[in-house]
Structure formats: structure tokens, C-alpha cells
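This briefing sets out, topic by topic, what can be computed from the coordinates of one protein model. Please read the structure first and then the notes that follow.

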Amino acid sequence: ELTPVVPSGRGPLLERRAARLLRQLLELVSQRGEIVPVSGFRTQGEQEKLWADSLRDNGEEFTRSYVALPGCSEHQTGLALDINTASRSAHFETTATYRWLIENCWRYGFILRFPQGKEALTGYLFEPWHYRYVGKEAAQEIQSENVCLEEYLEKT
């Protein structure tokens, strides 16, 4: 069941448990900086448009390393979201908000999905804005072992 991330009912949708925990994270971080969920659940049509737009603007090689094929996007599961930006030129990874998220998102069941240095394993470029709900236990293990989701799943 999909539910709005923000209490007002506007903005991105996530799976119910993920949205509840993200709201808790948002309440805590509001004192330290701003976290704005900019993209959550996507329909097949929305993912198809993103794919087509990226192919047109960036070519196939870049698109395959940056945009999931329609039907294969984590956004289509309701478990992934983009925070504050979805632009490499914004340099979100240089902000205090990003550093806080990296240090704390796992406490709420979220991980940075496509970390720097793990591109060969994830198949995607580093995306400092893309977070995935995996549950608190898995997120804690991923954090403590400093692995990406692919490495974690390979071990389990």
C-alpha cells in the first residue's frame, strides 16, 4: 500500500512502512537541515518517460548507467526515493545534509543505494540523492559492513 511521505498528503508516495519511517527521519532532521523527498513511487509510464528523455538528451551509454529500464526501477517498488535533488551538478554529496543522512539513514531502515566506489557492483553511477528502504536490520548490517545492497544480498 502506497502512502504519502509528508503528512499533508502531497508529494512523493512510498510503501506504507517506508513512508512511516521516513516521516520519523524527517522530523528528526528538520532541526539540522532540510530533507525534501523529491521523487518516490513512479508508474511504468513515468519511468518510460524518464528513460526516453535521458536517451534523447544523454545517449544510451550514459542512460544505462544512470536511469533504470522501465519495469526495473526501484522507484516502481515504492521503496526508493530521491532526496533534495536528482542532479549530479547539484553536488548534494558536499552538503551537511548528505553527511547526516549517510551517518543516520540506516537507523530508519534506509541505505544510500548507489554509493561511490561501488558502481561496478550496482551497475549505476554514484547517486548521493537515491535512498532505498531495506528495513532496519538489513540497513544496520549494510552500514556496519560498509557494503552495497548487491554485496549484502550475495552474502545472505
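C105 counts as buried, because its relative accessibility is 4% and the term buried is used for values under 20% relative accessible area, with exposed for values over 50% and partly exposed for those in between (1.4 Å probe, protein chains only). The model is a predicted one, in which local features need pLDDT of at least 70 and side-chain atom pairs count only at pLDDT 80 or more, while totals for chains, interfaces and linings use all residues. Residues are numbered from 1 along each chain as its sequence is written, and side-chain values use heavy atoms, with hydrogens and water left out.

**Cysteines**

- Across the whole structure the search finds zero disulfides, a disulfide being a pair of cysteine sulfur atoms within 2.5 Å.
- The cysteine sulfur closest to that of C105 belongs to C148 and is 14 Å away, which is too far for a bond.
- C148 is likewise in no disulfide, with the sulfur of C105 as its nearest cysteine sulfur at 14 Å, and C148 counts as buried at 1% relative accessibility.

- D82 is found in strand β4, residues 80-83; strands (E, at least two residues) and helices (H or I, at least four) are DSSP runs numbered from the N terminus.
- With a relative accessibility of 3%, D82 counts as buried.
- The side chain of D82 makes a polar contact with the side chain of H75 at 3.3 Å and another with the side chain of H130 at 3.2 Å, where a polar contact is a pair of N or O atoms within 3.5 Å and, within protein, one atom must be able to donate a hydrogen and the other to accept it, residues adjacent in sequence counting only if both atoms are side-chain atoms.
- When neighbours within four places in sequence are left aside, D82 is in contact (heavy atoms within 4.5 Å) with V36, P37, V38, S39, R42, H75, W129 and H130.

**Pockets**

- The largest pocket has a volume of about 460 Å³, and of the 23 residues that line this pocket, R42, L50, Y66, V67 and E127 lie nearest its centre.
- A pocket is defined on a 1 Å grid over the protein atoms alone, as an open set of points where a 1.4 Å probe fits, with protein on both sides within 12 Å along at least five of seven lines, and lining residues have an atom within 4 Å of a point.
- α2 (44-58), β5 (110-114) and β6 (127-133) are the elements that give two or more residues to the lining of the largest pocket, and α2 gives the most, with six residues.
- By class, the lining of the largest pocket has ten nonpolar, six polar and seven charged residues.
- The second largest pocket has a volume of about 320 Å³, and I102, L112, P115, Q143 and N146 are the closest to its centre among the 17 residues that line this pocket.
- For the second largest pocket, α4 (96-104), β5 and α6 are the elements that give two or more residues to the lining, with the largest share, three residues, coming from β5.

**S144**

- S144 lies in helix α6, residues 136-145, and is exposed, with a relative accessible area of 58%.
- A polar atom of the S144 side chain lies 3.2 Å from the backbone oxygen of E141.
- S144 and W106 are 38 residues apart in sequence and 9.5 Å apart in space, C-alpha to C-alpha.

Conventions. Points joined across faces, edges and corners; volume = space filled by probe spheres on them. Nonpolar A, V, L, I, M, F, W, Y, C, P; charged D, E, K, R; others polar.
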